[in-house]
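My notes go below the structure.

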Amino acid sequence: MSNKTILRLLYGGKSAEHDVSLQTALSVINALDFEKFEVLPVYITLEGKWIQGAKLSHAFTDVKELVFEENGINDVFPSQFFSTISEGEVVFPLLHGPNGEDGTVQGLLELLNVAYVGNGVAASAISMDKVFMKQIFAEYNLNQPNYQFFMKKDWQENFEKICRTVEQSLGFPCFVKPANLGSSVGISKCETIEELRDAFELAFEYDQKVIVEEGIVGREIEIAVLGNENPSCSVAGEIIPEKEFYDYQAKYEDGNTALIIPAEISEAVYEKLKEMAIKAFKAVGGNGLVRADFFVTKNDEVLINEINTMPGFTPFSMYPLLWKHSGIDYPQLIEKLVQLAVERHQEKQQIKHTMF
Ligand SMILES: Nc1ncnc2c1ncn2[C@@H]1O[C@H](COP(=O)(O)OP(=O)(O)O)[C@@H](O)[C@H]1O
Ligand SMILES: [Mg+2]
């Protein structure tokens with residue numbers, strides 16, 4: 001038997017970020033040391049089918065090679081996936097958004113009692129829901145934009161009243177967001193009550209729960225957190241979107257968004273960011289990795305926007321770049337995350353499940 005670690009990559013997924021996940025998988029595979037890892041790819045189709053590929057033993061150049069066709073044997077979900085997991089392996093879910101970053105896949109991996117990279121069920125689920133996340137942040141006294149949230153049924157019955165309430169309490173500009181999606185899908189910036197109404201209608205197409213936040217004028221600064229009980233923070237980075245705000249197009253299509261690493265901020269702001277990022281990580285019970293996103297105003301007020309429990313993870317994404325500038329390159333980062341997964345898994349095996 002070889003002493004290589006079996007690393008099973010889950011990628012693709014039933015999500016708007018399916019293609020981004022494929023790119024991530026390609027980058028991760030190409031960064032892996034095949035002397036240390038035995039790599040098993042599991043492609044999740046847009047319909048949510050899990051298709052297992054043959055063991056990989058070399059790097060790839062084309063993402064198409066990672067997209068497997070179903071052939072009646074390699075379709076592993078849900079029945080066969082359980083029996084294919086072997087002792088000592090580590091699963092790395094390279095999935096973003098709902099059905100991947102939201103605790104559902106993590107729950108399956110918990111049931112299988114297999115080590116997996118990144119955040120657990122609760123941290124993933126809380127962070128995927130912008131309302132739950134903000135409520136927990138408030139509990140930890142983290143400074144954040146004022147917000148309100150509404151359910152679809154309320155909106156349908158009282159939309160005029162809701163618009164007036166938002167206008168009075170949060171004012172314009174404000175940001176309307178579906179509670180549960182990432183990648184800026186369904187998010188609008190509103191300057192008038194008419195825009196607000198349209199924004200609610202759009203956001204309710206994506207979710208039953210919609211959050212509205214006061215608009216903050218500030219720079220967008222992000223920081224990467226890595227670890228389990230005693231996590232470390234990277235240098236900070238700034239995002240300068242070319243568009244008015246960091247919307248879906250700016251994130252994935254334009255490619256014009258500038259990342260400035262390290263961000264030009266004072267030592268005091270950096271200290272504040274680190275303190276708040278660690279607090280947010282602990283507030284949700286983070287494990288492995290989190291990217292914490294902030295607004296920093298002209299007067300150096302720091303407000304937390306959100307945390308991402310599975311941030312963009314190609315070598316050109318903010319999270320790996322922040323670590324690269326902090327002395328941990330992409331291959332090392334992947335190995336560190338695998339090691340953290342193993343450590344957490346081993347610790348969990350010590351937990352008692354019965355009274356005696
Ligand atoms: N309260 C706010 N004030 C100012 N800009 C905001 C606010 N909320 C969101 N934005 C802008 O919209 C972008 C996307 O919002 P965000 O909440 O980060 O959604 P996602 O989870 O999709 O990344 C942010 O990066 C920022 O540019
Ligand atoms: Mg964001």
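I am working with a predicted model. I looked up the strand order first. Four strands make an open sheet, ordered β6-β9-β7-β8, and they pair antiparallel. I noted β6 (147-151) and β8 (188-190) as the edge strands, each pairing on one side only. From one strand to the next the twist averages 25 degrees.

**One strand pair.** I then checked β7 (residues 174-178) against β8. Three bridges join them in the antiparallel sense. I looked up Cys174 too: its bridge partner in β8 is Cys190.

**Helices on the sheet.** Which strands does α6 touch? I found β6, β7 and β9 (209-214). The direction of α6 makes about 165 degrees with that of β6.

**Helix on helix.** Next I took α6 (residues 152-169) with α7 (residues 193-206). Their axes come within 10 Å and cross at roughly 150 degrees. Angles over 145 degrees count as roughly antiparallel, so I logged α6 as roughly antiparallel to α7. I noted the crossing as right-handed.

I listed the contact residues last. From α6 they include Trp155, Phe159, Ile162 and Val166. From α7 they include Ile193, Leu196, Phe200 and Phe204. Charged residues take part as well, among them Lys152 and Arg164 of α6 and Arg197 and Glu201 of α7. My tally for this contact is nine nonpolar, no polar and five charged.

Technical notes: Residues are numbered from 1 along each chain as its sequence is written. Chains are lettered from A and ligands numbered from 1 in the order in which they are written. This is a predicted model: local features need pLDDT of at least 70, side-chain atom pairs count only at pLDDT 80 or more; totals for chains, interfaces and linings use all residues. Side-chain values use heavy atoms; hydrogens and water are left out. Axes are lines fitted to C-alpha atoms, for helices over the stretch in contact, and angles run from 0 to 180 degrees between N-to-C directions. Helices (H or I, at least four residues) and strands (E, at least two) are DSSP runs, numbered from the N terminus. Angles under 35 degrees count as roughly parallel, over 145 as roughly antiparallel, 65 to 115 as roughly perpendicular and the rest as oblique. A crossing is left-handed if the near helix is turned anticlockwise from the far one by less than a right angle, and right-handed if clockwise. Contact means heavy atoms within 4.5 Å. Two strands pair if DSSP finds at least two bridges between them.
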